[in-house]
Amino acid sequence: MTEILFRDDSYLKECEASVVAVDDEAIVLDRTIFYPMGGGQPGDSGKIEWDGSSVVVTDTRHGEGGTIRHLFEPGSTLPEIGTAVKASLDWDRRYLHMRMHTALHLLGSVLQYGVTGGNISAAKSRLDFDMEDTVDKEQVTADIRALVAADHPVSCRWITDAELDAQPELVRTMSVQPPRNAGKIRLLEIAGVDLQPCGGTHLKSTGEVGQVRVGKVEKKGRRNRRVSILLDQ
Ligand SMILES: [Zn+2]
């Protein structure tokens, strides 16, 4: 099982680690700051360095048994098991994912409809809403920008199924119902704005989202509106 460092601190750009497994496509470390693809958020890229050598990490995926797999190109120079390495992120790309991911939470709080899908990338991100109404792009942009300007703190906390059961009001305020079999649930809270289970990487406050606007709104069916957001650099 890989120790996951990004869950407690999404701002870590590098970490020391040791190699526990290597196969023909991925390296597994004992700990990592690399986010594995999931929840609509892409896997991180970056590099792993040791003793004057390095390998480019092209993508990151979940592996078996709670491991995280750092994927590399065929033909890469690879570290041996037990090697002490430094892992560092392509931080510019990851930080865009954090801005986009946090902005999608704001979009979801502005448009109070069921969310049926979503995708994050550094260039463009989207949520699919179960809605028939038309979307007023200018108004939604203005509402999101107001939440950014208010610089709401963003935080994560863990809660057990039992604690959740003891606080039914918590479930009522959540925008997404939590999974009920993991025993432990990670909640993302934007104080007064959004509360929902989420395993992704977020900013520490909404102000860091910066310049954001609604891009295309596509009608993907009678009851489906795909709303994209863009970040102006
Ligand atoms: Zn999230």
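## Sheets, domains and a helix pair in a predicted model

An open sheet of seven strands, with antiparallel pairing, has the order E6-E5-E9-E2-E3-E8-E7, where strands (E, at least two residues) and helices (H or I, at least four) are DSSP runs numbered from the N terminus, and two strands pair if DSSP finds at least two bridges between them. Strand E6 (53–57) and strand E7 (59–62) stand at the edges with a single partner strand each, so one side of each is left without a neighbour in the sheet. From one strand to the next the twist averages 40 degrees; axes are lines fitted to C-alpha atoms, for helices over the stretch in contact, and angles run from 0 to 180 degrees between N-to-C directions.

The model is a predicted one, in which local features need pLDDT of at least 70 and side-chain atom pairs count only at pLDDT 80 or more, whereas totals for chains, interfaces and linings use all residues. Residues are numbered from 1 along each chain as its sequence is written.

Glu 49 has Lys 86 of E9 as its bridge partner.

The chain is divided into domain 1 (3–89) and domain 2 (94–231), with bounds that come from an automatic or database domain assignment. The centres of the two domains, taken over C-alpha atoms, are separated by 27 Å. Across the boundary, 10 residues of domain 1 are in contact with 13 residues of domain 2, contact meaning that the C-beta atoms of two residues, placed from the backbone, lie within 7 Å. On the side of domain 1 that touches domain 2, the residues divide into four nonpolar, five polar and one charged; here Ala, Val, Leu, Ile, Met, Phe, Trp, Tyr, Cys and Pro count as nonpolar, Asp, Glu, Lys and Arg as charged, and the others, Gly among them, as polar.

A second open sheet, of four strands with antiparallel pairing, has the order E10-E11-E16-E15. Its edges are strand E10 (114–119) and strand E15 (212–219), each with a single partner strand, so one side of each is left without a neighbour in the sheet. Neighbouring strands of this sheet are turned by 25 degrees against each other on average, direction ignored. E15 is joined by six bridges to strand E16 (residues 225–231), and the two run antiparallel; Arg 213 stands opposite Leu 230 in E16.

Helix H1 lies across E10, strand E11 (125–130), E15 and E16, and runs at about 135 degrees to E16. The axes of H1 (residues 91–110) and helix H2 (residues 137–149) come within 10 Å and cross at roughly 120 degrees. That angle makes H1 oblique to H2, since angles under 35 degrees count as roughly parallel, over 145 as roughly antiparallel, 65 to 115 as roughly perpendicular and the rest as oblique. Ala 103, Leu 106, Leu 107 and Val 110 of H1 make the contact with Val 140, Asp 143, Ile 144 and Leu 147 of H2. By class, this contact of H1 with H2 has seven nonpolar, no polar and one charged residues.

Further strand pairs complete the tour. Strand E12 (residues 154–160) pairs with strand E13 (residues 184–190) in the antiparallel sense over seven bridges, and Val 154 has Ile 190 of E13 as its bridge partner. E13 also pairs with strand E14 (residues 194–197), again in the antiparallel sense, over four bridges, with Leu 195 in E14 the bridge partner of Glu 189. E13 and E14 form a hairpin with three residues between them, and Gly 192 in the turn has a positive phi of about 75 degrees.
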